[in-house]
Amino acid sequence: MHPFSYVSAEDALFGAVGIELDHEAGTLAVGGDGVPRTEIRRAAGTPLESHVPIGTRDPERLTMSVDGVAVDLRPAKGFLTRKSYRVDVARKGPGAAATAGYGHRLVPVSLGTSRLLRDGTLLGVLTSTGDGRVTAEWEKGAAPVPYDASVGYALAAAFGTGAEPMWKLAWDAVLGTFF
(Lines give C-alpha, C1' and ligand atoms only; values in the text may rest on other atoms or scores of the structure.)
Protein backbone atom coordinates (compact mmCIF):
# COMPACT_ATOMS: atom_id res chain seq x y z
CA MET A 1 0.00 0.00 0.00
CA HIS A 2 1.32 3.44 -0.89
CA PRO A 3 1.97 5.62 2.16
CA PHE A 4 0.22 8.59 0.57
CA SER A 5 -2.15 8.96 -2.32
CA TYR A 6 -4.06 11.88 -3.69
CA VAL A 7 -6.76 11.06 -6.20
CA SER A 8 -9.73 12.87 -7.59
CA ALA A 9 -12.98 11.08 -8.27
CA GLU A 10 -15.36 12.55 -10.81
CA ASP A 11 -18.83 12.11 -9.36
CA ALA A 12 -21.83 12.37 -11.68
CA LEU A 13 -23.85 14.35 -9.10
CA PHE A 14 -21.23 16.21 -7.05
CA GLY A 15 -18.37 16.91 -9.46
CA ALA A 16 -14.71 16.45 -8.54
CA VAL A 17 -14.13 14.87 -5.13
CA GLY A 18 -10.55 15.03 -3.86
CA ILE A 19 -9.31 12.19 -1.68
CA GLU A 20 -6.08 12.41 0.33
CA LEU A 21 -5.11 9.17 2.10
CA ASP A 22 -1.92 8.76 4.13
CA HIS A 23 -1.89 5.14 5.27
CA GLU A 24 1.24 5.42 7.40
CA ALA A 25 0.20 8.63 9.18
CA GLY A 26 -3.41 7.45 9.47
CA THR A 27 -5.10 10.46 7.92
CA LEU A 28 -7.80 10.80 5.31
CA ALA A 29 -9.39 13.94 3.91
CA VAL A 30 -12.22 14.14 1.39
CA GLY A 31 -13.49 17.38 -0.10
CA GLY A 32 -14.48 19.30 -3.18
CA ASP A 33 -16.58 22.17 -4.43
CA GLY A 34 -19.73 20.04 -4.23
CA VAL A 35 -19.14 18.20 -0.92
CA PRO A 36 -18.17 19.23 2.62
CA ARG A 37 -14.70 18.39 3.92
CA THR A 38 -14.58 15.11 5.81
CA GLU A 39 -11.59 13.93 7.83
CA ILE A 40 -10.77 10.64 9.52
CA ARG A 41 -7.73 10.32 11.79
CA ARG A 42 -6.08 7.36 13.47
CA ALA A 43 -4.71 8.03 16.96
CA ALA A 44 -0.92 8.32 17.28
CA GLY A 45 0.73 5.13 18.46
CA THR A 46 -1.99 2.85 17.09
CA PRO A 47 -0.57 -0.43 15.74
CA LEU A 48 -0.84 -0.28 11.94
CA GLU A 49 -3.05 -2.88 10.23
CA SER A 50 -1.86 -3.10 6.63
CA HIS A 51 -5.18 -4.50 5.29
CA VAL A 52 -7.14 -1.42 6.45
CA PRO A 53 -6.38 1.75 4.44
CA ILE A 54 -6.74 4.06 7.48
CA GLY A 55 -4.71 1.55 9.52
CA THR A 56 -7.23 0.26 12.10
CA ARG A 57 -10.86 -0.71 12.66
CA ASP A 58 -10.70 0.09 16.38
CA PRO A 59 -13.35 2.78 16.99
CA GLU A 60 -11.55 3.97 20.13
CA ARG A 61 -8.53 4.91 18.00
CA LEU A 62 -10.38 6.80 15.24
CA THR A 63 -11.98 10.23 14.99
CA MET A 64 -14.12 11.64 12.20
CA SER A 65 -15.49 15.07 11.37
CA VAL A 66 -17.72 16.35 8.58
CA ASP A 67 -17.50 20.04 7.77
CA GLY A 68 -15.69 20.58 11.09
CA VAL A 69 -18.36 18.83 13.19
CA ALA A 70 -17.40 15.65 15.06
CA VAL A 71 -19.39 12.52 14.22
CA ASP A 72 -19.51 9.13 15.90
CA LEU A 73 -17.55 6.60 13.79
CA ARG A 74 -18.16 2.92 14.57
CA PRO A 75 -16.47 0.36 12.33
CA ALA A 76 -17.42 -3.21 13.24
CA LYS A 77 -14.59 -5.69 13.89
CA GLY A 78 -14.97 -7.68 10.67
CA PHE A 79 -14.78 -11.45 10.95
CA LEU A 80 -17.13 -14.09 9.53
CA THR A 81 -19.89 -12.24 7.71
CA ARG A 82 -19.95 -9.39 5.25
CA LYS A 83 -22.17 -7.45 7.65
CA SER A 84 -19.41 -7.70 10.28
CA TYR A 85 -17.34 -5.37 8.05
CA ARG A 86 -19.94 -2.57 8.22
CA VAL A 87 -19.06 0.96 9.27
CA ASP A 88 -21.63 3.20 10.97
CA VAL A 89 -21.60 6.99 11.33
CA ALA A 90 -23.92 9.19 13.40
CA ARG A 91 -23.82 12.90 14.18
CA LYS A 92 -23.15 13.83 17.79
CA GLY A 93 -22.89 16.95 19.88
CA PRO A 94 -24.94 20.16 19.94
CA GLY A 95 -25.75 20.18 16.20
CA ALA A 96 -27.03 16.60 16.23
CA ALA A 97 -30.62 17.53 17.10
CA ALA A 98 -30.92 19.71 13.99
CA THR A 99 -30.01 16.74 11.80
CA ALA A 100 -31.60 13.93 13.80
CA GLY A 101 -31.99 10.76 11.82
CA TYR A 102 -28.78 11.07 9.84
CA GLY A 103 -27.33 7.64 10.38
CA HIS A 104 -25.03 6.31 7.66
CA ARG A 105 -23.89 2.74 7.14
CA LEU A 106 -21.41 1.36 4.62
CA VAL A 107 -21.85 -2.41 4.36
CA PRO A 108 -20.27 -4.89 1.90
CA VAL A 109 -22.59 -6.60 -0.58
CA SER A 110 -20.10 -8.37 -2.85
CA LEU A 111 -16.41 -9.11 -3.12
CA GLY A 112 -15.63 -5.56 -4.24
CA THR A 113 -18.62 -3.32 -3.49
CA SER A 114 -20.44 -1.86 -0.50
CA ARG A 115 -23.83 -0.19 -0.12
CA LEU A 116 -24.16 3.25 1.42
CA LEU A 117 -27.35 3.65 3.44
CA ARG A 118 -28.83 6.65 5.24
CA ASP A 119 -31.36 5.75 7.91
CA GLY A 120 -31.74 2.34 6.25
CA THR A 121 -32.42 3.76 2.77
CA LEU A 122 -30.07 2.76 -0.03
CA LEU A 123 -28.27 5.77 -1.48
CA GLY A 124 -25.78 4.03 -3.74
CA VAL A 125 -23.03 1.48 -4.23
CA LEU A 126 -19.36 2.39 -3.72
CA THR A 127 -16.22 0.65 -4.88
CA SER A 128 -12.69 1.11 -3.55
CA THR A 129 -9.69 -1.20 -3.51
CA GLY A 130 -8.14 0.64 -0.57
CA ASP A 131 -5.73 2.82 -2.55
CA GLY A 132 -7.73 6.04 -2.19
CA ARG A 133 -9.64 5.56 -5.44
CA VAL A 134 -13.41 5.49 -4.99
CA THR A 135 -16.28 5.27 -7.44
CA ALA A 136 -19.93 5.80 -6.58
CA GLU A 137 -23.06 4.72 -8.42
CA TRP A 138 -26.00 6.59 -6.91
CA GLU A 139 -29.37 4.86 -6.72
CA LYS A 140 -32.01 6.39 -8.98
CA GLY A 141 -34.55 8.32 -6.95
CA ALA A 142 -32.45 8.18 -3.76
CA ALA A 143 -31.55 11.91 -3.82
CA PRO A 144 -28.24 11.84 -1.93
CA VAL A 145 -27.08 15.20 -0.60
CA PRO A 146 -23.47 16.47 -0.49
CA TYR A 147 -23.13 15.35 3.16
CA ASP A 148 -24.03 11.77 2.12
CA ALA A 149 -21.47 11.78 -0.68
CA SER A 150 -18.69 13.10 1.52
CA VAL A 151 -19.35 10.49 4.23
CA GLY A 152 -19.61 7.70 1.65
CA TYR A 153 -16.37 8.60 -0.14
CA ALA A 154 -14.55 8.93 3.20
CA LEU A 155 -15.75 5.57 4.53
CA ALA A 156 -14.97 3.76 1.28
CA ALA A 157 -11.49 5.27 1.09
CA ALA A 158 -10.71 4.70 4.79
CA PHE A 159 -11.94 1.11 5.08
CA GLY A 160 -12.15 -0.18 1.51
CA THR A 161 -15.26 -1.82 0.12
CA GLY A 162 -16.51 -5.37 -0.28
CA ALA A 163 -15.75 -8.58 1.57
CA GLU A 164 -15.48 -12.28 0.88
CA PRO A 165 -18.69 -14.34 1.13
CA MET A 166 -19.46 -15.90 4.52
CA TRP A 167 -18.50 -19.43 3.49
CA LYS A 168 -15.04 -18.24 2.38
CA LEU A 169 -14.47 -16.21 5.55
CA ALA A 170 -15.55 -19.19 7.69
CA TRP A 171 -13.32 -21.57 5.71
CA ASP A 172 -10.32 -19.26 6.12
CA ALA A 173 -11.00 -19.02 9.87
CA VAL A 174 -11.13 -22.81 10.19
CA LEU A 175 -7.94 -23.26 8.17
CA GLY A 176 -6.21 -20.57 10.22
CA THR A 177 -6.98 -22.55 13.37
CA PHE A 178 -5.22 -25.67 12.11
CA PHE A 179 -2.33 -24.20 10.13
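Predicted model: local features only at pLDDT ≥ 70, side-chain atom pairs only at ≥ 80, totals over all residues.
Colleague: Is strand β5 largely enclosed or open?
Modeller: Strands (E, at least two residues) are DSSP runs, numbered from the N terminus. Buried means under 20% relative accessible area, exposed over 50%, partly exposed in between, with a 1.4 Å probe and protein chains only. Four of the five residues of β5 (residues 62–66) are buried, so the rest of the structure leaves this strand largely enclosed.

Colleague: How many bridges join β4 to β5?
Modeller: Two strands pair if DSSP finds at least two bridges between them. Strand β4 covers residues 35–42 and runs antiparallel to β5. Thr38 stands opposite Val66 in β5. The bridges joining β4 to β5 number five.

Colleague: Which residue takes a positive phi in the hairpin of β5 and β6?
Modeller: Strand β6 (residues 69–75) runs antiparallel to β5, with three bridges. Ser65 has Ala70 in β6 as its bridge partner. The hairpin has two residues between the strands, and the positive phi, near 55°, belongs to Asp67.

Colleague: Which residue's side chain makes a polar contact with the side chain of Asp148?
Modeller: Asp148 is found in helix α1 (residues 146–159); a helix is a DSSP run of H or I, at least four residues. Asp148 is buried, at 0% relative accessible area. A polar contact is a pair of N or O atoms within 3.5 Å; within protein, one must be able to donate a hydrogen and the other to accept it, and residues adjacent in sequence count only if both atoms are side-chain atoms. At 2.4 Å, the partner is Arg118.

Colleague: What is the distance between the closest N and O atoms of Arg41 and Glu39?
Modeller: A salt bridge is a side-chain nitrogen of Lys or Arg within 4 Å of a carboxyl oxygen of Asp or Glu. Arg41 is partly exposed at 42%, and Glu39 is partly exposed at 22%. The Arg41–Glu39 distance is 3.9 Å.

Colleague: How many salt bridges are there?
Modeller: Side chains of opposite charge can pair when their charged atoms come close. One of the bridges joins Asp131 and Arg133 at 3.8 Å. The count is nine.

Terms used: Residues numbered from 1 in each chain as written. Heavy atoms only, no water.
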